[in-house]
Amino acid sequence: MAVVTIAALVVSLILVAGEDTSPSAAPQRSPSPPSSTGSPFPDGPDAAGPRDETPGLVITGVALGEGSLNRHDRTANAGPWTVTVRRPDGSLGLNGAVVTFPVPKPQAGRPIRIGRAEGWARNGEIVWPVADSYARVRGDLPQSQLVAIATATTVASGRPQVRPPSGLSVVSTGAARPHYLREARYGSGDVGEAGELSRGLTFTGVARCGGFEDLVYASDAQASGAVRGKPAIITSELGGNGVLAWEPTPGVIAYVGYSGAPLDRGAIAALHRLAERTHLLSAQEWQATGPSTVDQVNDFG
């Protein structure tokens with residue numbers, strides 16, 4: 001996987017004085033469109049749309065003062081590819097691991113045996129040779145389980161496949177980078193949280209990929225309660241001053257973040273309040289917000 005961090009990606013939405021501020025790309029103010037059914041999905045606000053579509057995430061009742069944006073990665077389906085494996089009590093970034101193939105050969109690490117191959121181990125991570133390249137498993141599981149996952153991994157047609165060891169299951173597969181990264185941007189004052197977040201930028205996003213969780217395992221992410229009943233994580237390494245992320249359905253990552261004030265208890269509480277005010281839009285409803293589209297590589301790590 002390339003060595004550009006997700007912070008470079010999400011901070012690019014914060015530092016919007018570059019490619020997205022030209023007259024042709026600048027989004028116009030528009031309110032979030034209501035769903036004709038009152039909810040974009042029949043099973044509730046956090047149910048998933050069709051598998052080949054990425055939903056959008058907006059804050060209810062607040063105009064998109066800073067606009068909506070599609071970050072389009074036309075090369076995402078060229079790989080790398082991921083498989084996310086978890087324990088029954090696992091959730092986003094907790095009690096699981098992500099297998100990624102292909103990845104670069106590591107420069108350092110402790111020797112470790114993966115079947116007949118000689119691999120490299122570091123804290124929470126193993127890389128080993130397979131299919132004329134290298135694969136990586138990264139997670140918060142004990143090393144013995146990471147080894148078992150690596151041993152159970154094969155590659156077919158350039159994509160990793162995992163026969164999950166006992167006590168684990170595969171929860172999602174797909175590209176490491178999202179084909180579309182949907183983002184909505186607001187002024188923190190406009191969403192009523194200037195007191196805790198300052199008057200900087202508040203943003204929401206949705207990505208369908210494995211690379212986000214892979215990087216969560218390599219970051220300072222911590223468990224942070226729940227959003228709409230889904231376990232959430234908080235981190236200061238995924239862009240801006242802080243990001244609160246959760247998984248509405250396996251493989252679909254939703255998040256709310258901001259730039260401006262330090263990440264403290266007050267800011268975390270504000271992000272939770274905002275997250276509870278969000279709702280998903282189907283891909284079609286999202287397009288009705290008039291998002292700008294930027295072609296780029298959506299590299300998370």
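**Salt bridges and burial**

Student: What makes E118 and R113 a salt bridge?
Tutor: Their closest N and O atoms are 3.1 Å apart. The term asks for a side-chain nitrogen of Lys or Arg within 4 Å of a carboxyl oxygen of Asp or Glu, so this pair qualifies. Keep in mind that this is a predicted model: local features need pLDDT of at least 70, side-chain atom pairs count only at pLDDT 80 or more, and totals for chains, interfaces and linings use all residues. Residues are numbered from 1 along each chain as its sequence is written, and side-chain values use heavy atoms, with hydrogens and water left out.

Student: How do you know where R86 and E213 belong, and what does their pair tie together?
Tutor: R86 meets E213 in a salt bridge, with the closest N and O atoms 2.7 Å apart. R86 sits in strand β3 and E213 in helix α4 (residues 211-218), so parts 127 residues apart in sequence are tied together. Helices (H or I, at least four residues) and strands (E, at least two) are DSSP runs, numbered from the N terminus.

Student: Why are R86 and E213 called buried?
Tutor: R86 has a relative accessible area of 5%, so it counts as buried. E213 comes out at 2%, so it is buried as well.

Student: What about R74 and D295, which parts of the chain do they link?
Tutor: Their side chains meet in a salt bridge at 3.2 Å, N to O. R74 is in the loop between β2 (68-72) and β3, while D295 is in strand β19 (residues 292-295), 221 residues away. R74 is exposed because its relative accessible area is 60%. D295 has 48%, so partly exposed is the word there.

**Sheet and helix**

Student: What makes β5 and β11 edge strands of the open sheet?
Tutor: The sheet has 7 strands in the order β5-β6-β7-β8-β4-β3-β11, with antiparallel pairing. Two strands pair if DSSP finds at least two bridges between them. β5 (110-114) and β11 (169-175) each have a single partner strand, so one side of each is left without a neighbour in the sheet. On average, neighbouring strands are turned by 25° against each other, direction ignored. That angle is between axes, meaning lines fitted to C-alpha atoms (for helices over the stretch in contact), and angles run from 0 to 180 degrees between N-to-C directions.

Student: Why do the buried residues of α2 line one face?
Tutor: L146, V147, I149 and A150 are buried in helix α2 (residues 143-151). Looking down the helix axis, the buried residues fall within an arc of 160°, so they line one face. The arc is taken from the directions from the helix axis to the C-beta atoms.

**The core**

Student: What is the largest nonpolar core made of?
Tutor: It has 28 residues, and those with the most contacts inside it are L57, Y186, L244, W246 and V256. Helix α5 gives the largest share, 5 residues. A nonpolar core is a set of buried Ala, Val, Leu, Ile, Met, Phe, Trp, Tyr and Cys residues joined through side-chain atoms within 4.5 Å.

Student: Which residues is L57 in contact with?
Tutor: Contact means heavy atoms within 4.5 Å. Leaving aside neighbours within four places in sequence, the partners of L57 include A184, W246, V256 and L280. Apart from that core lies another, of 20 residues, among them V83, V85, I114 and V162.

Conventions. Buried means under 20% relative accessible area, exposed over 50%, partly exposed in between (1.4 Å probe, protein chains only).
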